[in-house]
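Subject: Structure handover

Hi,

Here is the structure for your files. My notes on it follow below.

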Amino acid sequence: MEARGWVDAADVTAFQEAGFDPQQVLEVILGVGMKTLSNYTNHIAGTELDAAFQHRAWPASEADA
């Protein structure tokens, strides 16, 4: 995320040398993408946090704190 999608080849190599395969590299990208879309959608829609997770809530920004 810090490199905005420009992943260093050495990072991909290290990931794969840790025992992961190329498909799993793509699965990480998919997971990050899905979470980002979900967060944006919920923020725009004003979705309330489920009661079961209220104890883990945090302010949306420092201005809300």
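At the start of helix 1, Asp8 places a side-chain oxygen within 2.7 Å of the backbone nitrogen of Ala10. A polar contact here is a pair of N or O atoms within 3.5 Å; within protein, one must be able to donate a hydrogen and the other to accept it, and residues adjacent in sequence count only if both atoms are side-chain atoms.

Some ground rules. This is a predicted model: local features need pLDDT of at least 70, side-chain atom pairs count only at pLDDT 80 or more, and totals for chains, interfaces and linings use all residues. Residues are numbered from 1 along each chain as its sequence is written, and side-chain values use heavy atoms, with hydrogens and water left out.

Overall picture. The protein chain has 2 helices and 0 strands. Its radius of gyration is 16 Å, well over the 11 Å that the globule rule gives for 65 residues, so the chain is more spread out than a compact globule. That radius is taken over C-alpha atoms, and the rule is 2.2 Å times the number of residues to the power 0.38. Along the principal axes, the C-alpha atoms fill a box of roughly 40 × 25 × 20 Å. Helices (H or I, at least four residues) and strands (E, at least two) are DSSP runs, numbered from the N terminus.

Surface. Of the 65 residues, 2% count as buried. Buried means under 20% relative accessible area, exposed over 50%, and partly exposed in between (1.4 Å probe, protein chains only). The chain exposes about 6,200 Å², and carbon and sulfur atoms supply 60% of that. Areas come from the Shrake-Rupley method with a 1.4 Å probe; for residues, only the protein chains shown count as cover.

The segment before helix 1. Helix 1 spans 9-17, and Met1 is found in the segment before it. Met1 is exposed, at 78% relative accessibility. With Val28 and Val32, Met1 forms a nonpolar patch on the surface, about 320 Å² of accessible area together. Patch residues have over 30% relative accessible area and no salt bridge; like charges are joined within 9 Å, nonpolar side chains (Val, Leu, Ile, Met, Phe, Trp, Tyr) within 5 Å. A salt bridge is a side-chain nitrogen of Lys or Arg within 4 Å of a carboxyl oxygen of Asp or Glu.

Most residues other than glycine have a negative phi. Arg4 is exposed at 77%. Trp6 also sits before helix 1 and is exposed at 74%. Trp6 and Leu49 are 43 residues apart in sequence and 32 Å apart in space, C-alpha to C-alpha.

After helix 1. Gly19 follows helix 1, with a positive phi near 110 degrees. Gly19 is in the loop between helix 1 and helix 2, exposed at 61%. Pro22 lies in helix 2, residues 22-45, and is exposed at 53%.

Aromatics. The count is 1 aromatic pair. The ring centres of Phe15 and Phe20 are 4.4 Å apart and the planes are at 15 degrees, so the pair is stacked. Rings of Phe, Tyr and Trp (its six-membered ring) pair if their centres lie within 6.5 Å; planes under 30 degrees apart count as stacked, over 60 as edge-to-face and the rest as tilted. Phe15 is partly exposed at 26%, and Phe20 is partly exposed at 37%.

Best regards
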